[in-house]
Amino acid sequence: MKTIYYAAGLTLGLAVLPGLAQAETLRLAHVWPGGSKIDTEIFQAWADSVEEASDGRLEVQVFPGQTLAKSDATYEAVVNGIADIGATAQGYTSGRFPLTQVIEVPGVSNSSRQGSCVLQKLYDQGDLDEEYADSHVLFMFTTGPGYLHAKETVLEKPSDLEGMRMRRPTSLVGDMMEDLGAQPVGMPAPDIYTSLQRGVMDGLSINWEGAKTFRVNELVNYHTEVPLYDLALIATMNQDDYTSLPDDLKKVVDEHSGMEWSMKAASVYDELIEEGRQEALDAGDEIITIDNPLQDDDWGPVLKDTINRYVSDLQEQGLPGAKTYDNVMTLKESCDA
C-alpha cells in the first residue's frame, strides 16, 4: 500500500509537518469490463463512498478488466499484496474454496439478492472462516442463476447437449456439463466473447447479467432457463493493509463491508439480469424456460445428482459438506428471492 503525503504550500525539501493529513492509496482489481455497470455502480461506487467517508484519507484506484490481476489469480494477488483489494469469482480458483462453492449447486437461489443474502449470512455466521483466513473479507455476493445459451442449437433437454463444446465457469459446473453429455470448456467470463467469435465453443452457461456485460447476447440465439448454478463472488482486502490502518479508517472500511454492500451489489446484478433477458427478447432470440427444474423428468435427475455428488465429495475430503448444504438451504428460507 502506498502512502502519499499532501503538503499544500510547502516547498520541495521541507519535512512533512506532524499531524499533516495523509492519504492511503488502495489498488482495487476486478475482472469486469471497465465502464460496465458492475464496474461503475459497484466498485467505483464503493471507491467513491470510501473516499468520501474518510474525508479523502483513503483513495481507491480501480483497475477493471483484469488489468492488474487475471481473474483466476485475483484472490492470490490480494493475499500477496499485488492488489490491495480484489474482486473475482471464487470458483475461478479450482478447489480453493470448496465449502463456499456449495452455494453454486442447483436450487440454492432464484436471484442475485437471494444468493448473495445466503452467501453473506453463511460467511457472517462463521461457516467459511478457514477458507478466508489469509485475507480480510469485505463482502460476498452472487451472480444469480446461470442458464444455458447456444449459438445454433435449441436446448430443450439434456440430450440436446450431446457433444457440444460448452463453456463452464467452474469445475463444479464442468462436472455437470459432462453428465449432460457436453464437452466442458473452462474459461473466465472475460474470455467468452472472443472464444464464441472464433468458434472455440458452441455455447455456454452464464447468467443473464453476464450475457449482457460480456456481450454474449450478440453471438448466441437460443437460451434455456434451467438454473444450473449461482456463481459465488467476493470482494476482499489484503490482511496487512487492513491491519495497518488507524482505527478510524478501519471503521470506514468496516462500514463498507458485510450485508449492506452485499445487497448493493446484488441489486445491480438483478437489474442487469432483467436487462440481459430483455436484450435477448428484443433481438428476437428464442428463450425456453424449464419450470420446477429439480422436479423435471429430464433435467431433475442430473441436477439432483450434482448436488448429491458435490456434498458427498466434500464429506470424503473431511469437510462438513452435508452440514454446510443444510445451512445454505435453511438460510435460503430467510432470504427473499
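1. The largest cavity has 17 lining residues, and Tyr-92, Thr-143, Ala-189, Phe-214 and Leu-231 are the ones that lie nearest its centre. A cavity is a set of points on a 1 Å grid over the protein atoms alone where a 1.4 Å probe fits but cannot get out, and lining residues have an atom within 4 Å of a point.

2. Which elements give two or more residues to the lining of the largest cavity? They are α6 (208-213) and β9 (222-237). The largest share of this lining, 3 residues, belongs to β9. Helices (H or I, at least four residues) and strands (E, at least two) are DSSP runs, numbered from the N terminus.

3. The space in the largest cavity comes to about 130 Å³, a volume being the space filled by probe spheres set on grid points joined across faces, edges and corners. By class, its lining holds 12 nonpolar, 3 polar and 2 charged residues. Nonpolar here covers Ala, Val, Leu, Ile, Met, Phe, Trp, Tyr, Cys and Pro, charged covers Asp, Glu, Lys and Arg, and the others, Gly among them, are polar.

4. Thr-306 touches Pro-106, Leu-172 and Met-176, leaving out residues up to four places away in sequence; contact means heavy atoms within 4.5 Å. Is Thr-306 buried or exposed? Thr-306 counts as buried, because its relative accessibility is 3% (buried is under 20% relative accessible area, exposed over 50%, partly exposed in between, with a 1.4 Å probe and protein chains only).

5. Met-329 sits in helix α11. Along the chain, Met-329 and Gly-107 are 222 residues apart, yet their C-alpha atoms are separated by 8.9 Å. Met-329 counts as partly exposed, because its relative accessibility is 23%.

6. From α10 come Ile-307, Val-311, Leu-314 and Gln-315, and from α11 come Gly-321, Ala-322, Lys-323 and Tyr-325. The residues of this contact divide into 5 nonpolar, 2 polar and 1 charged.

7. Take a look at the backbone too. Asp-55 is not a glycine, yet has a positive phi of about 55 degrees. Asp-55 belongs to the loop between α1 (37-53) and β3 (58-63), and is exposed at a relative accessible area of 71%. Arg-215, also not a glycine, has a positive phi near 60 degrees. Arg-215 is in the loop between α6 and β9, and counts as partly exposed at 41% relative accessibility.

8. Some notes for reading along. Residues are numbered from 1 along each chain as its sequence is written, and side-chain values use heavy atoms, without hydrogens or water. As the model is predicted, local features need pLDDT of at least 70 and side-chain atom pairs count only at pLDDT 80 or more, while totals for chains, interfaces and linings use all residues.

How values were computed. 1 Å grid on protein atoms, 1.4 Å probe; cavity = no way out; pocket = protein on both sides within 12 Å on 5 of 7 lines; lining within 4 Å.
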